Amino acid sequence: MPSTPSLSVKFTVEEAQALLEMVENQLFRMKFIDSKLPGHRTDPDKVRVSTSAVNILQEAYKKAKGFATKGAA
């Protein structure tokens, strides 16, 4: 897989929370609702990348709120 550039963005905790709610809902739709629509074609790479992005945002949000994250010492 070719290397892709990374991106850094700053959000307030409230903005991150709002964005996280939206993307979690969209990911749920992508995984469980859209797949039941006639003619829908699943894109496993898009689901994988989207899941990864949601996980990264969740961890950043938890860190900003002071929650323990996986692997934290």
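**Pocket lining and salt bridges**

Modeller: In this predicted model, the element that gives the most to the lining of the largest pocket is α2, with 11 residues.

Biologist: What makes up the rest of the picture, that is, which residues lie nearest the centre of the largest pocket?

Modeller: The lining holds 28 residues, and L7, A53, V54, I56 and L57 lie nearest the centre. Two or more residues of that lining come from each of α1 (13–33) and α2 (44–65). The volume of this pocket is about 730 Å³, and its lining divides into 19 nonpolar, seven polar and two charged residues.

Biologist: Why is the contact between D34 and R29 called a salt bridge?

Modeller: The side chains of D34 and R29 meet at 2.9 Å, N to O, and because the cut-off for such a nitrogen and carboxyl oxygen is within 4 Å, the pair qualifies as one of the two salt bridges that the structure holds.

Biologist: What makes K62 and E59 a salt bridge, and where do they lie?

Modeller: Their closest N and O atoms are 4.0 Å apart, and the cut-off is within 4 Å, so the pair is counted. Both residues lie in helix α2, three residues apart, about one turn of the helix. K62, at 34%, and E59, at 27%, each count as partly exposed, because both values lie between 20% and 50%.

Terms used. Residues numbered from 1 in each chain as written. Predicted model: local features only at pLDDT ≥ 70, side-chain atom pairs only at ≥ 80, totals over all residues. Heavy atoms only, no water. 1 Å grid on protein atoms, 1.4 Å probe; cavity = no way out; pocket = protein on both sides within 12 Å on 5 of 7 lines; lining within 4 Å. Points joined across faces, edges and corners; volume = space filled by probe spheres on them. Helix = DSSP H or I, 4+ residues; strand = E, 2+ residues; numbered from the N terminus. Nonpolar A, V, L, I, M, F, W, Y, C, P; charged D, E, K, R; others polar. Buried < 20%, exposed > 50% of the residue type's maximum accessible area, 1.4 Å probe, protein only.
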